Amino acid sequence: RGVQHDLKLTRISLHGFGPFSESITYPLYDRGLVLLRGSNDNCSAESNGSGKSSLAMATLWALTGSLDARRATDFKVADVVNDNSKTAKVTVEGFINGVPFVVSRTKTASKSDLVFQVDGVDQTTQSLKETQALIEEKLGVDANVLTRAVFYGQHDLN
């Protein structure tokens, strides 16, 4: 039997990610189940394109590098970076077994970056792949399980 991991997300911060050109921070601590509702100022469908899915999937992208439950290994810059931004950055903060952690994932036209801190100590390795593996080890679940058990996108799962 494996080690039990208690994961609590406390905050997500985004800048230049998807439809969010400005920086936003969304508190998650002690929120329970969260319903995302949006509205648009244009004449289209009332909430289509307001960023509900992007806000939810930003956490998944920061933790796994995947935009939704459909696993992909390499995204185009246009998939994550806002049209009016040069950089997309998502930072997720929380606790693993009561110990604070921070994951920050950044994407530009020429570079991807992943930073991982646990209890204020930088755990980032030389490669994104190694840092991602360390994040999955500390979370106690790999990206494949996380995308199917915690985040369920709008698309069919295969």
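Select Phe17 and the residues around it. Leaving out residues up to four places away in sequence, Phe17 touches Ser54, Ala58, Trp61, Leu67, Val80, Ala88 and Val90; contact means heavy atoms within 4.5 Å. This is a predicted model, in which local features need pLDDT of at least 70 and side-chain atom pairs count only at pLDDT 80 or more, while totals for chains, interfaces and linings use all residues. Residues are numbered from 1 along each chain as its sequence is written, and side-chain values use heavy atoms, with hydrogens and water left out.

Together with Phe17, they have the most contacts inside the largest nonpolar core, which has 25 residues. Such a core is a set of buried Ala, Val, Leu, Ile, Met, Phe, Trp, Tyr and Cys residues joined through side-chain atoms within 4.5 Å. Buried means under 20% relative accessible area, exposed over 50%, and partly exposed in between (1.4 Å probe, protein chains only). Which elements each supply at least two residues of this core? They are E1, helix H1 (52–64), E3, E4, E5 and H3. H1 gives the largest share, five residues. Helices (H or I, at least four residues) and strands (E, at least two) are DSSP runs, numbered from the N terminus.

Now colour the strands. Six of them form an open, antiparallel sheet in the order E2-E1-E3-E4-E5-E6; strands pair if DSSP finds at least two bridges between them. At the edges are strand E2 (24–27) and E6, each pairing on one side only. Zoom in on strand E3 (residues 88–96) and strand E4 (residues 99–107), which are joined by nine bridges. Within this pair, Gly94 has Phe101 in E4 as its bridge partner.

Move to helix H3 (residues 128–139). H3 lies across strand E1 (7–15), E3, E4 and strand E5 (112–118), at about 35 degrees to E5; axes are lines fitted to C-alpha atoms, for helices over the stretch in contact, and angles run from 0 to 180 degrees between N-to-C directions. Its buried residues are Thr131, Gln132, Leu134, Ile135, Glu136 and Leu139. Just after H3, select Gly140, which takes a positive phi of about 85 degrees.

Finally, colour by pLDDT, the predictor's confidence in each residue, from 0 to 100. The chain averages 79, and 72% of the residues score at least 70. Where pLDDT is low, the predicted coordinates should not be read in detail.
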